[in-house]
Amino acid sequence: MRVLAAMSGGVDSAVAAARAVDAGHEVVGVHLALSANPGTLRTGSRGCCSKEDSGDARRAADLLGIPFYVWDFADRFKEDVIDDFVAAYAAGETPNPCLRCNEKIKFSALADRAVALGFDAVVTGHYARLEDGVLRRAVDPDKDQSYVLAVLTAEQLSRAMFPVGDTPKPQIRAEAAERGLAVASKPDSHDICFIPSGDTQAFLGAKIGIRPGAVLDADGTKLADHEGVHGFTIGQRKGLGLPGPAADGKPRYVTDIDPDSGVVRVGSAADLEVWTVLADRAIWTSGETPSGAIECVVQVRAHGGLAAAVVEAVDGGLVVRLREPLTGVARGQAVVLYRPDEAGDEVLGSGTISGTERERHSYASELVSDTAR
């Protein structure tokens, strides 16, 4: 095939491009310029898309003997990822910008341009597997990125290739070294790529400004003032601005955020438990919406938050009734559905969390006869 390799300047995308070349595809490398004012150098493992990263990607492409281009997606990235990120926090949500970048940039804007130019697929260094159109977890559980890819539609997945998902990360670095790729030992990017300082609250504060509100306990007693709901997320324990723990000596956690009133509620660990997760913008990776209730294993954040559940598709969204309660479930994150078989690695779909319910329901003890197909 004629494929476009998205080359970030890191080791994973470099090896992905190399493997695509080895497979006999006609490969063209492209680096996405996502910042209108990119920094010259990265700050250790923080940030990405710097001029250094672009140079690293170009050198890898030169070593592989493939054409290389830099495409400017800065405006699109600002609108679809950064502005969305800021708006979500202002609305009391906890967004995952990697989800939006995959959905809106790498497998939408980039893939659309690639198809328009006659490419058959986009190759990336994501840790996930595609087998006969089915999205699965990566072999390396510590690097698995199927969660942030679960927002992709069946059509988008049909134009994607993930060559490194079948290999543990240490082996990818060893392979890069054997190939002579200079990025073999380059640190992985962490945190949020467009906040290289790592100070998310300072970034949001500069964008949103001061929006005063109150921190209340479960009884409605005011405990403190705050400067904006964007400084909080569900399940947060530290940095609440409280004078001390609860009367029983146990820590307090953020249990609810109301962006309209500016009220942030805190409570005990038990107050964080939810039994039902509501989601909108449902996406089914097969392209077909199941009818009736299906058994799934769900994941509600990028690392952890797994539970068995019964899921129903309702009005373009999802109602997820958990078999056991989960904590730290935040609006704006994704709930990703996996097939509940022994492997547990097949992605069935996803939705964006819009709300939760604390009441225990009958599915906590009853089984359904229907299963995901």
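Modeller: Take the hairpin of strand 13 and strand 14, where six residues sit between the strands and Gly304 has a positive phi near 95 degrees. This is a predicted model, in which local features need pLDDT of at least 70 and side-chain atom pairs count only at pLDDT 80 or more, while totals for chains, interfaces and linings use all residues. Residues are numbered from 1 along each chain as its sequence is written, and side-chain values use heavy atoms, with hydrogens and water left out.

Biologist: How many bridges pair strand 13 and strand 14?
Modeller: Six, in the antiparallel sense, between residues 294-299 and residues 306-314. Strands here are DSSP runs (E, at least two residues), as helices are (H or I, at least four), numbered from the N terminus. Two strands pair if DSSP finds at least two bridges between them.

Biologist: What stands opposite Ala309 in strand 15?
Modeller: Leu322. Cys296 also stands opposite Ala309. Strand 14 and strand 15 (residues 317-326) run antiparallel and are joined by six bridges. In their hairpin, with two residues between the strands, Asp315 takes a positive phi near 50 degrees.

Biologist: Switching topic. What is the strand order in the open sheet of five?
Modeller: The order is 3-2-1-4-7, with parallel pairing. Strand 3 (68-72) and strand 7 (160-161) are the edges, each pairing on one side only. Strand 2 (residues 26-33) is joined to strand 3 by five bridges, and Gly29 stands opposite Phe68.

Biologist: Which strands does helix 2 lie across?
Modeller: Strand 2 and strand 3; helix 2 covers residues 51-64 and runs at about 150 degrees to strand 3. Axes are lines fitted to C-alpha atoms, for helices over the stretch in contact (heavy atoms within 4.5 Å), and angles run from 0 to 180 degrees between N-to-C directions.

Biologist: And cavities: how many of 30 Å³ or more turn up?
Modeller: One, in a search of the whole structure. A cavity is a set of points on a 1 Å grid over the protein atoms alone where a 1.4 Å probe fits but cannot get out, and lining residues have an atom within 4 Å of a point.

Biologist: Which strand gives the most to the lining of the largest cavity?
Modeller: Strand 17, with three residues. Strand 12 (274-284) and strand 17 (347-357) each supply at least two. The lining includes Val151, Arg281 and Ala334.

How values were computed. 1 Å grid on protein atoms, 1.4 Å probe; cavity = no way out; pocket = protein on both sides within 12 Å on 5 of 7 lines; lining within 4 Å. Points joined across faces, edges and corners; volume = space filled by probe spheres on them.
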